[in-house]
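Colleague: I would like a close look at one residue and at the chain that holds it. Please keep the account plain.

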Amino acid sequence: MSMEFTGFPYLSAILLSCVVGLLVILFIPPERESLVKWVSLAFSGIALALSIYVFCAYDRAHGGLQFVEKLLWVEPLGINYFNGADGFNLPLILLTGIVHFTGVLTMWELRGRVKEFFAFAFVLVLGVFGFFMSMDLFFLFVWYDVSLFPMYPLIAIWGTTRKEYGALKLFLYLLAGSALVLPGIVYIAVASGLHTFDILALMQAGALTPGQQKFAFLLFYLGFGILAGVWPFHTWSPVGHVAAPTSVSMIHAGVLMKVGAFGILRVGIFLCPLGWEYWAPVMAILATIGIIYGVFVGLTQTDLKYVVAYSSVSHMGIVGLGLSTVTAEGLNGAVFQMFAHGIMTALLFSSLGYIYDKTHTKLIPDLGGMSKVMPVASGYFIVAALAGMGVPGFASFWAEVTVFISTLKVYPALGALAICALVLSALYMLRVVQKTFYGQRNERFAHLPDVSFGLGLPRMILVATMLLFGLFPRLMLDLVQTAVIPFMGGLPR
Amino acid sequence: MKWLIFGPEIYFLAVAVGFLILSMRRLNGRRDFSTALFLAGLGVAVTLATVQLEGSLLYGAYRVDLFSQVFKGLLSIGFFLVVCLCSNLNGIQEARHSEFYFLLTTCTLGMMLLVSSQELLTMYVALELTSYSLYALVPMRSGAGQQMEAGIKYFLIGIATSALMLFGMASLFAATQTTLISELSFKLPGLLNTPMAFIGLLLTLCGFFFKLALFPFHVWAPSVYQGAANQVTAFVATATKVIAMAMLARLVSTSDGNASLAHVLIALAIISMTYGNLVALVQKDFKRLLAYSAIAHAGYALIGILSMNPTGYAAAVFYAFAYLAMTFTCFLVVVKVASDGRDIAIIQLAGLHRRSPLLAMALLGAVFSLGGIPPTIGFTGKFLVFTAAMQRGYFLLVLIAMINVVVSLYYYIQVVKAAFLLEPGEALPAINLSPPARILTAMMIVVIVGGGIFPRYLFQLAGAAVQALP
């Protein structure tokens, strides 16, 4: 059995912390709810600490794939257990760590079937972590599906509005995506003639003919695009977001949609660069439609969660637009936007979750004047909304600026349209903020307590992260750059 | 010592004779279970002890090789597992329990003979031994007539396909002047463009299509699954399917990658998958649902075989193992939930997560494995099958199969929903599993998940086994 490890396997340790957390939870009696929560917090904390460590310890001067762990898994088929970290996946590993940790904190007041909830949540996060760090197509797909199936019970059991419908729709849509991805993966492995699922080996120039690349890229783009919320395959996402319980919405919108976008990047763009260039204009058009569509549909929503959900569709469109430019800045911005949007949307759902838990409504007309009732909780939402508008000082500002600059160079018309749409998005976010948090106070909710320090902690972490990367964007941009530059340089032209 | 390689067959013959004698004495049936469990466990040991043996008997008509021994091992395990379910054999009158075990043993014996037979007539005789045991087992359930309908359906369709198969064998003999598989595999590839040889081979395969419940020989499956006693259904759904896959692989491999045969099989696979999955969508009874899912799975398994390359045959062997594990786990849940031996509707699984968390987890694993969601053994099986098909360039077939997988998830998720989400109308008591049943359930979860995460050794074994194919 051939093995290749460079030092302590930090990446596997992240996965292991999820597995061990899961196993420990399974052996706790279901009635000991607070113990389950503390165990979840501890193990998600370990995963977060490890992901922060990996993010910081990555040698930026050296670049390339680091923390490599390679283990031959099924020899006759060329399957390896192959993990690695580079500038593309490190931001997302960090994002997953942060969102899961804050998600556990957000669900601290959960009642009913607590053990199962946190167990399923660990399975979900395990899949997401594995997906981001895997460099083997087989494992990539396995992790992909591992991250999808817990969504069904998580939404259907603990969700709210039309939860069974939302859960089923989401589940079938996302697995329909995998129905395109799996044939694509097997096709690539077989068509290349290399009989391996190793992404690095398959990236060698000339492994696939241009025709094969165009075909396979389409499969990956559509398959992963469903998960990334690419218009017109996004319809599962608002329904699913709205139905899901708070922390699941956070993980879902914050991390899981990035799984889709990252899949397009890691599998589609890495393995089929010619297909990427060929289909880029289509991607750009769909992404622009997604941005505009998300903004306009978001304008008319009365349910707060729907507003946030459609803003996610719109913001994921920016990621798609960045990917479609086929430029280094575009890729860089897209990866940064994945991270920034993940944090921002997690904060939106998290702060909204608190308000919903207390008032039991998320309809904008029923609320109103919330900033007088719970000023701190409202503050978090307003901060997130500002970040969503792309106000300077937050991480998403830099991400969006980077994407739009590169888009204006490549697709001036589409870029201009998208920017106009985003100006409108500021309008609808402000409308929501004004109607929900200012204006006449609703006496029905006057007695409700404001968010406590403990429950505010996850929101503080998220705000701090946004500010950190907003004030020091180079922390992120430089890291992504270490991966983008060699990758773009190696493209066949 | 040449007869040592015949060990499992002799052992199961002895067990069958033992139960035959027991059945004549009409003693208290309660002791039968512990006897059967012990003998079945010993049978697994005996069979696994002979896995490495090789040899040929009866002038080449009977051959023992790794391929046959692996399947005999699977059969003995399947037999053991089904016997494990018989602690509450309430679907069958107590006085008939010895006969039940007798027939179950002869059926297993027949299948063991089948998988080693290298000659068409031996194959036919072994198949009939299997079938006649099942013809008697299916209507054995005590109840109000449903089992008779199932029994008659099974019998009539069974003998009809037997007739087709005999006709096919006759044509094969006419075309090639031999009944030995080893000679067939030399002569047949050149002759397959003649209608007689082609039709002959195809009709011979029909006998096993019937056992696999592949379209158009599937019509018995829903009635038999629902009508037979739960334990009998478990046996029909696991052991006979496994052996049908083995025999199809053996026979198809004699054609040496004939394209026309592949095209016919592709058509059957696509129709079977699509039909099974679409009809399963509207089922209310859990066993009936499993029957239609079995029809669909017959299609998936056939994809491995019709690829006609080493990966494909190995994938089919792997799939057979995976299918045994996941289907058995479903029936384990059926038997434990319906402890009085009745049929259960999907809706009656409601509240299972509260009544028995372990069974609910096992059901979740088994159903997701059937649906092909990683990291389960069912996913790995599908992945291998698809890889094999892709190596032959059947992209469209793989895509259709994947779309079918997504369709099937809709009804699998209904099962999960019932077990985890729905609450029963009246409060139902918790299901108390005995410690051995707990261990068995936990073992099945470990096999389903472990086989998905570490498929390496199993796949290597499957790969080694199919090297014995022509």
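Modeller: The model is a predicted one. Gly351(B) sits in the loop that runs between helix 13 (310–337) and helix 14 (352–355) of chain B. Gly351(B) is classed as buried because 21 C-beta neighbours lie inside 10 Å, and the cut-off for that class is 20 or more. Apart from neighbours within four places in sequence, the contacts of Gly351(B) are Leu422(B), Glu423(B), Pro424(B) and Leu428(B). Gly425(B) is 74 residues away from Gly351(B) in sequence, yet the C-alpha to C-alpha distance between Gly351(B) and Gly425(B) is 9.5 Å.

Now the chain as a whole. Chain B contains 19 helices and two strands. Its radius of gyration is 21 Å, close to the 23 Å given by the globule rule for 470 residues, so chain B is as compact as a globular protein of that length. Along the principal axes, the C-alpha atoms of chain B fill a box of roughly 65 × 55 × 40 Å. Of the 470 residues in chain B, 61% are buried. Counting contacts in chain B between residues at least 6 apart in sequence, 81% link residues at least 24 apart.

Last, the contact between the chains. Chain A contributes 23 residues and chain B 25 residues. On the side of chain A that touches chain B, strand 2 (66–74), helix 5 (137–148), helix 6 (151–158) and helix 7 (163–191) each provide at least two residues. Helix 7 of chain A gives the largest share of that side, 11 residues. By type, the residues on that side of chain A are 22 nonpolar, no polar and one charged.

Key
Residues numbered from 1 in each chain as written. Chains lettered and ligands numbered in written order. Predicted model: local features only at pLDDT ≥ 70, side-chain atom pairs only at ≥ 80, totals over all residues. Helix = DSSP H or I, 4+ residues; strand = E, 2+ residues; numbered from the N terminus. Buried ≥ 20, exposed ≤ 12 C-beta atoms within 10 Å, placed from the backbone. Contact = placed C-beta atoms within 7 Å. Nonpolar A, V, L, I, M, F, W, Y, C, P; charged D, E, K, R; others polar. Rg over C-alpha atoms; globule rule 2.2 N^0.38 Å.
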